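This briefing concerns aromatic contacts and helix packing. Please consult the sequence and the structure shown here.

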Amino acid sequence: MLFEKCIVIFLSVSLSGVSPMLGEFLKMKPVISVNKEGEYYTVTKAHGFKKSINAMYEEFLKFVSNKKFISIVATTGNSESVRRIKESLLEKIRDIENCVRAFESEVSTVLSAHTGPDLVGVAALILD
């Protein structure tokens with residue numbers, strides 16, 4: 001099944017319905033994915049945006065393991081921090097030996113309507 005060979009993980013500054021107000025107050029940022037039914041779920045949470053980016057990347061590494069894959073890093077927002085994070089993730093992913101190709105893209109307005117202005121996501125398709 002194709003879905004079992006694909007993962008989408010993203011991190012948002014604010015995601016309605018997933019990160020409650022108390023989490024925002026404590027600066028807890030959820031790392032989110034999508035299940036087979038198309039529902040969002042929290043993969044993990046980390047304290048602060050930078051640690052959440054690292055947690056998202058670690059989840060990505062667990063998924064791709066030592067398999068050949070293609071990947072995409074997708075973002076919304078034009079802030080300097082989002083641009084730097086995108087470039088950093090692309091560089092790290094492209095340096096993985098089993099990465100066949102890594103692309104960059106923007107997230108659709110449909111998803112960003114739920115997430116707010118600054119969203120960073122990674123996706124991978126396993127080729128084995």
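Tyrosine 57 and phenylalanine 60 are about one helical turn apart, because three residues separate their positions in helix α2 (residues 49–64). Helices (H or I, at least four residues) and strands (E, at least two) are DSSP runs, numbered from the N terminus. The model is predicted: local features need pLDDT of at least 70, side-chain atom pairs count only at pLDDT 80 or more, and totals for chains, interfaces and linings use all residues. Residues are numbered from 1 along each chain as its sequence is written, and side-chain values use heavy atoms, with hydrogens and water left out.

**Aromatic residues**

- The structure holds two aromatic pairs (ring centres of Phe, Tyr or the six-membered ring of Trp within 6.5 Å; stacked under 30 degrees between planes, edge-to-face over 60, the rest tilted).
- Tyrosine 57 and phenylalanine 60 are stacked, at 6.3 Å centre to centre and 20° between the planes.
- Phenylalanine 60 and phenylalanine 69 are edge-to-face, at 5.6 Å and 85°.
- Tyr57, Phe60 and Phe69 form one aromatic cluster.
- Tyrosine 57 and phenylalanine 60 are buried (under 20% relative accessible area, 1.4 Å probe, protein chains only), and phenylalanine 69 is buried as well.
- Lysine 92 lies over the face of tyrosine 57, at 4.3 Å from the ring centre (criterion: NZ of Lys or CZ of Arg within 6 Å of the centre and within 35 degrees of the ring normal).

**Helix α3**

- The buried residues of α3 are Val82, Ile85, Lys86, Leu89, Leu90 and Ile93.
- These residues lie on the same side of α3, because they cover an arc of only 130° around the axis (directions from the helix axis to the C-beta atoms).

Note on methods: Buried means under 20% relative accessible area, exposed over 50%, partly exposed in between (1.4 Å probe, protein chains only).
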